[in-house]
Amino acid sequence: MNTPALPTSPDASNSAVSDDASTTAWALAAGGGDTAAVERFVRALHRDVLRYVAHLCGDPQAVDDLAQDTFLRALGSLHRFEGRSSARAWLLSIARRAVIDSHRCAAARPRLSDTADWQLAVELAQPQGLPGFDDGIVLLDLLSSLPDERREAFILTQLLGLPYAEAAEVSHCPVGTVRSRVARARATLMDRLSDADEPAAVAT
């Protein structure tokens, strides 16, 4: 088995900063009534929202609906967005609330199954046929075994590329807590990747 490389911290990524600057500018323009900016804003962040809600919710069939709900909420609030944080962090905060509201609503209804298949939803939200795709599926499998809070911190910072400060804002916790969760998640994942690479003992 080839060990997939864990994503590196995005704090030093000029590309992520540039992307965030563009999407934030589009969000501000969209809030001012620029319809072309609305389309660019949605297109730029649609996949990030799909991936994030897929990791948070336990129902793969709900992912598209949750993403749509997120954008409906966001577009209705764009006129209040002032750019104090990146548009991506702001949007993912809305996505998080949409998932929480969905869980509260689902808790009041009987469930047909308690089996969570969020991995399937995430796989469907990934671009397929690209180099490293199989490695990404292995990583998603390993992520499923992490505690929820560590998995969310890892996804926000290492997969979606949010700076730690913005991930803390999305998760409603201190920056130090996010850093600790990411460090523990990385340590756990590295241990499990090492275990998976060890050849099975040959029976004598």
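This is a predicted model: local features need pLDDT of at least 70, side-chain atom pairs count only at pLDDT 80 or more; totals for chains, interfaces and linings use all residues.
Figure 1. pLDDT is the predictor's confidence in each residue, from 0 to 100. Among the elements of the chain, helix α5 (residues 118-124) has the lowest mean pLDDT, 48. Helix α3 (residues 63-77) has the highest, 93. The mean for the protein chain is 77, and 69% of its residues reach 70 or more. Residues are numbered from 1 along each chain as its sequence is written. Local features need pLDDT of at least 70, side-chain atom pairs count only at pLDDT 80 or more, totals for chains, interfaces and linings use all residues, and side-chain values use heavy atoms, with hydrogens and water left out.

**Figure 2. The chain as a whole: nine helices and zero strands.** Helices (H or I, at least four residues) and strands (E, at least two) are DSSP runs, numbered from the N terminus. From that end on, the elements run α-α-α-α-α-α-α-α-α. The protein chain has 204 residues, and 42% of them are buried. Buried means under 20% relative accessible area, exposed over 50%, and partly exposed in between (1.4 Å probe, protein chains only). The accessible surface comes to about 11,200 Å². Carbon and sulfur atoms account for 52% of that surface. Areas come from the Shrake-Rupley method with a 1.4 Å probe; for residues, only the protein chains shown count as cover. Take the contacts between residues at least 6 apart in sequence: 72% of these join residues at least 24 apart.

**Figure 3. Two aromatic pairs.** Rings of Phe, Tyr and Trp (its six-membered ring) pair if their centres lie within 6.5 Å; planes under 30 degrees apart count as stacked, over 60 as edge-to-face and the rest as tilted. By this rule the count is two. The rings of F41 and F71 have centres 6.4 Å apart and planes at 80°, so this pair is edge-to-face. F41 lies in helix α2 (residues 35-56) and F71 in helix α3, so the pair ties together parts that are 30 residues apart in sequence. F41 and F71 are both buried. F81 and W90 form a tilted pair, with 4.9 Å from centre to centre and 40° between the planes. F81 and W90 are buried too.

Figure 4. The structure holds nine salt bridges. Each is a side-chain nitrogen of Lys or Arg within 4 Å of a carboxyl oxygen of Asp or Glu. D48 forms one with R88, the closest N and O atoms being 3.4 Å apart. D48 is buried, as is R88.

Figure 5. E152 and R96 meet through their side chains in a salt bridge (2.8 Å, N to O). E149 forms a salt bridge with R181, where the closest N and O atoms are 3.1 Å apart. E149 is partly exposed, with a relative accessible area of 48%. R181 is buried, at 17%. Elsewhere, salt bridges that share partners join D20, D48 and R88 into one network.

**Figure 6. T157, a buried residue in helix α7.** Helix α7 spans residues 148-159 and includes T157. The relative accessible area of T157 is 0%. Its side chain reaches the backbone oxygen of A153 at 2.8 Å.

**Figure 7. Helix α8, largely enclosed by the rest of the structure.** Helix α8 covers residues 164-171. Six of its eight residues are buried, so the rest of the structure largely encloses this helix. The buried residues are Y164, E166, A167, A168, V170 and S171. Just after α8, H172 takes a positive phi of about 60°.

How values were computed
A polar contact is a pair of N or O atoms within 3.5 Å; within protein, one must be able to donate a hydrogen and the other to accept it, and residues adjacent in sequence count only if both atoms are side-chain atoms. Contact means heavy atoms within 4.5 Å.
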